[in-house]
Amino acid sequence: MTTLANDKTEYISVEEFKELSRRGTGTGSSPKPKARSDAESVPKLTEGEILRQIRDFLRLNGWMVVRIHQSLGSERGIPDLIAIRGGRVCWIEVKTAKGKLSKYQERFLQNLEDHGGWWIVARSVEDVEHLGPREKGGK
């Protein structure tokens, strides 16, 4: 774990997060990765499992993460997660390795970008690794 000057929050790397997930400790809700053969380079996780891993990783690194559930009256194409830290807001659409954006998602993300928004399509926790620990003096 890492701590930064004037920051009492402890941050965790992706490697540390994966180790905690493998041992089934520390994150609470993320399942242990499924056993795999050497021929299989990446476990086949569901979108929900990927989403929980991303949410847990970001929360362990000081982000407030909100899960957006699609429901009657929801904006079509709205991303799955909103992550907020230090005044920065990142919208995250979670997909499996083969998952594709719908036309509504493409339209929403383009509209978000047109308005200065920041978004990521994440297929694994590695896709949000760069959002981990803050730089010294940064947000």
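Tutor: Of the 139 residues in the protein chain, 37% count as buried, where buried means under 20% relative accessible area, exposed means over 50%, and partly exposed is in between (1.4 Å probe, protein chains only). Keep in mind that this is a predicted model, where local features need pLDDT of at least 70, side-chain atom pairs count only at pLDDT 80 or more, and totals for chains, interfaces and linings use all residues. Residues are numbered from 1 along each chain as its sequence is written, and side-chain values use heavy atoms, with hydrogens and water left out.

Now the core itself. The largest nonpolar core has 22 residues, and Ile54, Leu58, Ile92 and Val128 have the most contacts inside it. By nonpolar core I mean a set of buried Ala, Val, Leu, Ile, Met, Phe, Trp, Tyr and Cys residues joined through side-chain atoms within 4.5 Å. Helix H1 (14–23), helix H2 (47–60), and strands E2 (81–85), E3 (88–94) and E4 (119–122) each put at least two residues into this core, with H2 giving the largest share, five residues. Zoom in on Ile54: leaving aside neighbours within four places in sequence, Ile54 is in contact (heavy atoms within 4.5 Å) with Leu81, Val94, Ala122, Ser124, Val125 and Val128. Another core, of seven residues, lies apart from the largest one and includes Ile68, Ile78, Phe108 and Leu112.

What about charged pairs? The whole structure has three salt bridges, each a side-chain nitrogen of Lys or Arg within 4 Å of a carboxyl oxygen of Asp or Glu. One joins Asp56 and Arg55, with the closest N and O atoms 3.0 Å apart; Asp56 is buried at 7% relative accessible area, and Arg55 is buried too, at 15%. Another pairs Asp80 with Arg67 at 3.7 Å between the closest N and O atoms. Asp80 lies in the loop between strand E1 (64–67) and E2, while Arg67 is in E1, so this pair ties together parts that are 13 residues apart in sequence. Asp80 is buried at 10%, whereas Arg67 is partly exposed at 34%. Lys95 and Glu93 also form a salt bridge, again with closest N and O atoms 3.7 Å apart, and both residues are buried.

Key
Helix = DSSP H or I, 4+ residues; strand = E, 2+ residues; numbered from the N terminus.
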